[in-house]
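Please look at the sequence and the structure before reading on.

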Amino acid sequence: MSTWILRGESKNIQTNTISYQLDMYELFYINEMQPGDKVYYCDYTDIICICKVNTITMYNQIVITLDVIEQGEPLPLKFVRKLWGLKNLDIFKIEDIKVLALEKDEDDILHSYWKVPGSVEGLVKYDYLDIHLFLYSRVAEVWIGDTEKQLTKYQFFQAFRKEENLSIMNWEDFQKLREQSSFLQTTLPVESFFTEQKAPIERYRQFFIDLLFGDDSIDKRLDSFYKDPIRRLIGFGQKEIGELVHYLFPNFFCRFTNKEIVAVERLFKEASTLKNTYTIGSKIYHYQKLIHESYLLNKYLNIVGRKTELPIYYEINCFLQYIYDTHSESENDGKEVAFEEKEKKKYWIYTTQTGIDANSFFEEGMLTFNHGKLGNIRNYSSRKEIWNNYRQIYSAKKVPYVETSSLFQFCHEMEEGDYVFVKNDKEQIIGLGKVCSPYMFPKFPNSPSFRKIEWIRTGIWNVKGMLFSKKPLVNITANQNSLSYLLDIILEK
């Protein structure tokens, strides 16, 4: 049996049976629909119910009768269309599409949110995390590291944290902590950590027992561990606490050394505004709460998927290290540089001429624009000046205003750091790149003007009927619908 989304009117649901009509020319949408198929029925704002196809009849019109089998809280389409795995469904992009068959994984995703609709708003609030996770998914194995070594470390701490073991530990047992803890293998003086006993052994035992099993909340226990003059041990600072909290509570906390803390502050605006107001214990508690409330764990499992059998927060640690190492400090709001609207970079669509082999653009890392006899376009300060010179140079009564205006934009309005989609004459996007040079005038006669491009993605994405402009170069920065659509289809799997 197949699964479908069908869009109609909410007024059609007056009983447990829905009668839905399509014109005969729309038959190709439902060619494979059969009685018994599952249907998510929606209007233009919400998914309202789940139905089963009862009958399909055709006579001048297609009439589909649906039996309502499940009703619940409406699932808002404004959220659904932003969910990873569903956001690129054509029924959410093109108003004329009323019926769409779903793949099994799409049905599974949609059904899970239908069952728990309250999670959807939170997921889309942090939908910018999806791009980070998708980009990370392509290199995750590189960042995961030596899992055998990590497994040994987790096994050590699993035994270490047991109260019956802690209560009888001697000094030699605590010294083994050094061998398993990367924070003890730092540039700090080695004497600082378990090379010399600095307090009665009972204090070391109680130190960890209080942290693991104390009555206070975890943030207070962490602060006490770090700064209480009676409870703390010399040599344990913020970095050490941040790593210990993960290995002692691997199913509840990420690691929070400097790198992970900075990564969280780059991903979440809320963290960057709180970073100077919390103690180390409260910071770890609230940063972990942010990770939980952003559904980062759910998103990771959906987009990246499990890569190890280690605690899941080990894999989240690896992702945060990736964020730290690959994102500059200027990205504190947590969105990918190339796709951050607040950067005020422009987005362009460049359409290749018929017969032009675009592969040469990708191979040579550039885009070209033919300036003809007009010469260096830098010499013109306005479109009008180009038009006047065109008339004189070509003795022309008619000026190709569209082409010459695009040429002016290519020189004077496009800037380094802008992003450009390349569209061919078949209404397909075939590349996305970043402009990485100013306008360049060629050294050789009859060669075109050009800009160097750093290509981010190449491939073929069909956009027929979605982008109607026939101009050679179009600034689409202000067209948020088209821009979001293009970024979604090109950056998703």
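## Helix packing and a pocket

H20 contributes four residues to the lining of the second largest pocket, the most of any element. The model is a predicted one. The volume of the second largest pocket is about 510 Å³. Its lining has 22 residues, and those closest to the centre are Gln353, Phe369, Asn370, Glu403 and Pro472. At least two lining residues each come from strand E7 (347-351), strand E8 (366-369), H19 and H20. Sorted by class, the lining holds 12 nonpolar, eight polar and two charged residues.

Two of these elements, H19 and H20, also pack against each other. The table sets this helix pair beside two others.

| Helix pair | Residues | Crossing angle | Axis distance |
|---|---|---|---|
| H19 and H20 | 383-394 and 401-413 | about 130° | 10 Å |
| H7 and H9 | 147-160 and 171-180 | roughly 155° | within 10 Å |
| H9 and H10 | H10: 201-213 | roughly 50° | within 10 Å |

**H19 and H20.** The axes of these helices meet at an angle of about 130°, which makes H19 oblique to H20. The crossing is right-handed. On the H19 side, the contact uses Arg383, Ile386, Trp387, Tyr390 and Arg391; on the H20 side, it uses Tyr401, Thr404, Ser405, Phe408, Gln409 and Glu413. Five residues of this contact are nonpolar, three are polar and three are charged.

**H7 and H9.** How are these two helices oriented to each other? Angles over 145 degrees count as roughly antiparallel, and the axes of H7 and H9 cross at roughly 155°. H7 and H9 are therefore roughly antiparallel. Their crossing is left-handed. From H7, the contact takes Thr152, Lys153, Phe156, Phe157 and Phe160, and from H9 it takes Phe174, Lys176, Leu177 and Gln180. By class, this contact of H7 with H9 has five nonpolar, two polar and two charged residues.

**H9 and H10.** H9 also packs with H10, their axes crossing at roughly 50°. That angle makes H9 oblique to H10. The crossing of H9 and H10 is left-handed. Trp171, Phe174 and Leu177 of H9 touch Ile201, Tyr204, Arg205 and Phe208 of H10. Six residues of the contact between H9 and H10 are nonpolar, one is charged and none is polar. Phe174 and Leu177 of H9 take part in the contact with H7 and also in the contact with H10.

Terms used. Residues are numbered from 1 along each chain as its sequence is written. This is a predicted model: local features need pLDDT of at least 70, side-chain atom pairs count only at pLDDT 80 or more; totals for chains, interfaces and linings use all residues. Side-chain values use heavy atoms; hydrogens and water are left out. Axes are lines fitted to C-alpha atoms, for helices over the stretch in contact, and angles run from 0 to 180 degrees between N-to-C directions. Angles under 35 degrees count as roughly parallel, over 145 as roughly antiparallel, 65 to 115 as roughly perpendicular and the rest as oblique. A crossing is left-handed if the near helix is turned anticlockwise from the far one by less than a right angle, and right-handed if clockwise. Contact means heavy atoms within 4.5 Å. Ala, Val, Leu, Ile, Met, Phe, Trp, Tyr, Cys and Pro count as nonpolar, Asp, Glu, Lys and Arg as charged, and the others, Gly among them, as polar. On a 1 Å grid over the protein atoms alone, a cavity is a set of points where a 1.4 Å probe fits but cannot get out, and a pocket is an open set with protein on both sides within 12 Å along at least five of seven lines; lining residues have an atom within 4 Å of a point. Grid points are joined across faces, edges and corners, and a volume is the space filled by probe spheres set on the points.
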